[in-house]
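Hi everyone, thanks for coming.

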Amino acid sequence: MKGARRQLSSMENEFIIDLPVLSFKEWMEALEFSERTIQSRLSNLTKLEEHYGPLKDLWRKDRFKDLLAELAYSSEDRRNNVVPSVKIPVSGNVYEGLATYRSTLRLYDRYLQYVQNISAYPFGKVGKAVDDAINRLRATLIGCHSKYTQKQVKTLIIEPLIVSLEQALLKDGYTFGTELTTSKSGDDSTTTKDRYDIIGTCADNTNLPTIIIEVDTHRSDQVSKKVVSRIALNSGSKLLYIALVYPNNHTQKEAEKRECAKYFLFIGTLFNELRPPEKKFKGYYLY
């Protein structure tokens, strides 16, 4: 984990969207895989590329569909002592060996999705407009504040960002504001009220995503708690979810920054696994 923490530490003063993309090894370290698992996966990846060529090319072709099919080996195959028709040599237990290679490919598929997502704007021009607005806001704030009061969060972050987003996306039919929403428990016996920091909707075009921006200190528990509720409240809609975090004054703030960066990775991975309608996540730092 030490290598990952050095990498995540270097992220602290940068936008998540502008960060150097983590290597496969760094990505596994950030997700807290054991050193033994990391070395095993890297070795498996090397062997697969020796026999099947550049894996990124195969991923672009069909996300390893054909290769996973070639490496398939069922429990019935094992019982019948079927000899697998694969290029890669497998010593020892064939069933477990091929299962390990398939597991490595699926993990590498998740990593390549991370690379693709961090390098691209979600939802095309809508995602770029949101990114541009946050970049302009950040330019006015860097180096100005080591912490923010709640009033400053409203006047220096939320209100200017709403104005910038309206200017950029008004022509597409978006309206922006804060919104108080009521959510019900599963048995409808209780209700809770929650406020979006910023929400943008386009009533005239359901193909465009709802944009939700939540502004919090860089605490992973605050960020992840809101993510859960916002997904639940918008499960039937396309969603671009932005976590916009600013510094706090806690004694453990450096550790909290690293933890928040790690949870950005977790949340992005979860968003990729959600069923349609499409939902995308981006995390940004405001310092």
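Let's start with the largest cavity, which is lined by W27, R110, Q113, Y114, T269, N272 and E273. By cavity I mean a set of points on a 1 Å grid, over the protein atoms alone, where a 1.4 Å probe fits but cannot get out; lining residues have an atom within 4 Å of a point. This is a predicted model, where local features need pLDDT of at least 70 and side-chain atom pairs count only at 80 or more, while totals for chains, interfaces and linings use all residues. Residues are numbered from 1 along each chain as its sequence is written, and side-chain values use heavy atoms, with hydrogens and water left out.

The largest cavity holds about 50 Å³ of space. Helices α7 (94-118) and α11 each supply at least two residues of its lining.

What lines the second largest cavity? That would be E214, D216, V223, K226, Y241 and A243. Two or more residues each come from β3 (210-217), α10 and β4 (239-246). About 30 Å³ of space lies in there.

Now to the helix pair. Helix α10 (residues 220-233) packs against helix α11 (residues 253-273) at an angle of about 20°, with axes 9 Å apart. That makes α10 roughly parallel to α11, a label for angles under 35 degrees. On the α10 side, the contact (heavy atoms within 4.5 Å) is made by S220, V223, S224, V227 and I231. From α11 come E259, C260, Y263, F264, I267 and F271. Note V223, which is in this contact and also lines the second largest cavity.

Key. Axes fitted to C-alpha atoms, helices over the stretch in contact; angles between N-to-C directions. Helix = DSSP H or I, 4+ residues; strand = E, 2+ residues; numbered from the N terminus. Parallel < 35°, antiparallel > 145°, perpendicular 65-115°, else oblique. 1 Å grid on protein atoms, 1.4 Å probe; cavity = no way out; pocket = protein on both sides within 12 Å on 5 of 7 lines; lining within 4 Å. Points joined across faces, edges and corners; volume = space filled by probe spheres on them.
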